[in-house]
Amino acid sequence: MLLSMRSRSSIPIALILGIVVALGAGGASVAHADASRVLQKYCARCHTGKRAQGDLDFILDAKRLVAEGLVVPGDAPRSLLYRRIADGEMPPAAVKARPSVEELAQLEQWIVALGTSPGVPVRRARDLDRLLANDYARLSARDRVTARYFSIAHLANAGASAAELDRVRVALQTLLASVTWSAAPPPVVAIDPERTLFRIDLRELGWTTELWDQVRASYPYGIARGTSVPDAIRADWFIATASRPPLYHALLELPATEQELAARLGIDLQENIATRRVARAGFTRSGVSNHNRVIERHVTRHGALWRSYDFSSSIDQENVFAHPLDFVPAGGELIFNLPDGMQAYMLVDATGRRIDKAPTKIVSDPRRPDRAVENGLSCIGCHASGILAKADQIRDTAGNFDELPRLRILQLYPSATTMSAHFDADRARFAKALAAFGMQPTADASDEPITLVTTRYEAELDLRTAAAELGLPADELEPRLQRSPSLRQALAALVRRGTVKRDAWAQLFPRIVHELALGVPFTPHASADAAPVVWIDGAHRTWIPLSATTDQATAISQCRARGYELPREAELLTAMSDGLASGLGLRGSLWTAGTKLDASNQRYGTIVDAISGQPHRAGAAEHYAIVCVQR
């Protein structure tokens, strides 16, 4: 086997002759073709298809090889795939056919080509800000209150393919439709021709501004944009975060118990069971349960609620075949239709109380790194095609029981024909809900878009991806990091063109933004925290006012204490002519940097009037307002 993978992503496998990622024409295309032939010749037999060895079945999928860290674009010696082949470890020693020196060189050339820029210009933050500001300005005052924005521009800047960007768009639409009680959630609206910026209206999703504040308070990548530019959070972060607790629970306003959820859906769980208004199926094997499982269908005002009973063992009253009527579950899952026909989920413990994750002793999710079934995300991935049909195995055992329990078993566990009709109806409802957005159920759970986007978001970041998330080209980020001793240490692997873990990157993001002078980081500690007032000029420098008025020396020190500078006179005059005063709501006079001596050896500085925009001489000890600039 080539490698033993620590975890498996669920990105679709490209079983094709040729590397699936297009890097351009000329030498890059030749490198693709050559590497494809080498991998196909020596590796594909063991590392493609359902019987692939070493938990590696994507040897022909370049994007997956990069995402999993087996290939480091632009750096063959640090690419594990290349090293294992170059060192003679692969193919295994028993295999006589070995790559030649020329073929090994072809692999190396391909990896080097992967690190080259495809020539797509990076869309700078100021260009995106302009689009967002223009769209926001067109809205009425009432609509602005509930307008919110998403962005995938950073993914496009990082070189994501058209198919990958479409996957994120689909995942965003699907998730929004899956976390709302609105009967008709609207399509996501793109506000730019490239379809990388999107607007939603909280009212159409049935969300309050306070509910959105909970989303925003969790966002680690905030940068203050100025009063005229609305905030746009990254769609991939939202997909990976709002599809799991606590945001998943908050957006759906899921109650604390299954009884409360049932009441919201207009049913009484125990009453339905007592009056035989349920349909059950019991079986020994399911996709996630470690023991027997029973599923149970209730009719609700929005469609159906499917309730699973899961067990920590298969003995005593957890043996559903011996106790089909009085089994004692250790927990379970509730799958229910929302008003728009989409499915939502809630995991519960043995007492019916909502939980975030199910114990792996009871159920497991092989797609997740910790194998834990997490509410929302794990359920969405598993049920990509809707309710999974399961054949009941208990009804046929009813003859082993006395007359009364036998009758109850037959009533609770209906025939295969009846159960098939239920499965078909509920799957059709889910398919119809997706069709409203031009989508269809995914037959293969490994193709489910929310899971795929989450997996990609959680992956390590290379230099190009990190730069894109900062709005920079990769060749601009590297020298900036080199000039910062503290960041060079914290991001040592990234500086050496390696990778950084996602959680480390998210934690360091405000510090990176500040130290690289890329703006004023804004990560709210509470949902009510307001972003700092800033103004961004045409050169993408950030200006921030300080509330106090003071002498020039103190103004200089106060700006520097925050990592900024007092502006030079020419800078401030230019900024004034571009709208600084109105952008920050400034009045009075503002200090510039620098002091001079007059004929009497008296020190003086320069101030600029915020109204007229004209410079004036002022004594260095006089008190005027402070506005700082970030360079």
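Which residue in β3 is the bridge partner of Val 189? In this predicted model, the bridge partner is Arg 199. The pair belongs to the antiparallel pairing of strand β2 (residues 189-190) with β3, which is made over two bridges. Six residues lie between the two strands of this hairpin, and Arg 195 takes a positive phi near 55° there.

Strand β3 (residues 197-201) also pairs with strand β1 (residues 147-151), in the antiparallel sense and over five bridges. Here Ser 151 stands opposite Leu 197 of β3. Of the five residues of β3, four are buried, so the strand is largely enclosed by the rest of the structure.

The pairing of β10 with strand β9 (residues 343-349) is antiparallel and consists of two bridges. Within it, Val 348 has Arg 354 in β10 as its bridge partner.

Helix α8 (residues 162-178) packs against helix α11 (residues 235-242) at an angle of about 45°, and their axes are 10 Å apart. Because of this angle, α8 is oblique to α11. The crossing of the two helices is left-handed. On the α8 side, Val 168, Ala 171, Leu 172, Leu 175 and Leu 176 take part, and they meet Ala 235, Phe 238, Ile 239 and Ala 242 of α11. By class, this contact of α8 with α11 comprises nine nonpolar residues, with no polar and no charged ones.

Conventions:
Residues are numbered from 1 along each chain as its sequence is written. This is a predicted model: local features need pLDDT of at least 70, side-chain atom pairs count only at pLDDT 80 or more; totals for chains, interfaces and linings use all residues. Side-chain values use heavy atoms; hydrogens and water are left out. Axes are lines fitted to C-alpha atoms, for helices over the stretch in contact, and angles run from 0 to 180 degrees between N-to-C directions. Angles under 35 degrees count as roughly parallel, over 145 as roughly antiparallel, 65 to 115 as roughly perpendicular and the rest as oblique. A crossing is left-handed if the near helix is turned anticlockwise from the far one by less than a right angle, and right-handed if clockwise. Contact means heavy atoms within 4.5 Å. Ala, Val, Leu, Ile, Met, Phe, Trp, Tyr, Cys and Pro count as nonpolar, Asp, Glu, Lys and Arg as charged, and the others, Gly among them, as polar. Two strands pair if DSSP finds at least two bridges between them. Buried means under 20% relative accessible area, exposed over 50%, partly exposed in between (1.4 Å probe, protein chains only).
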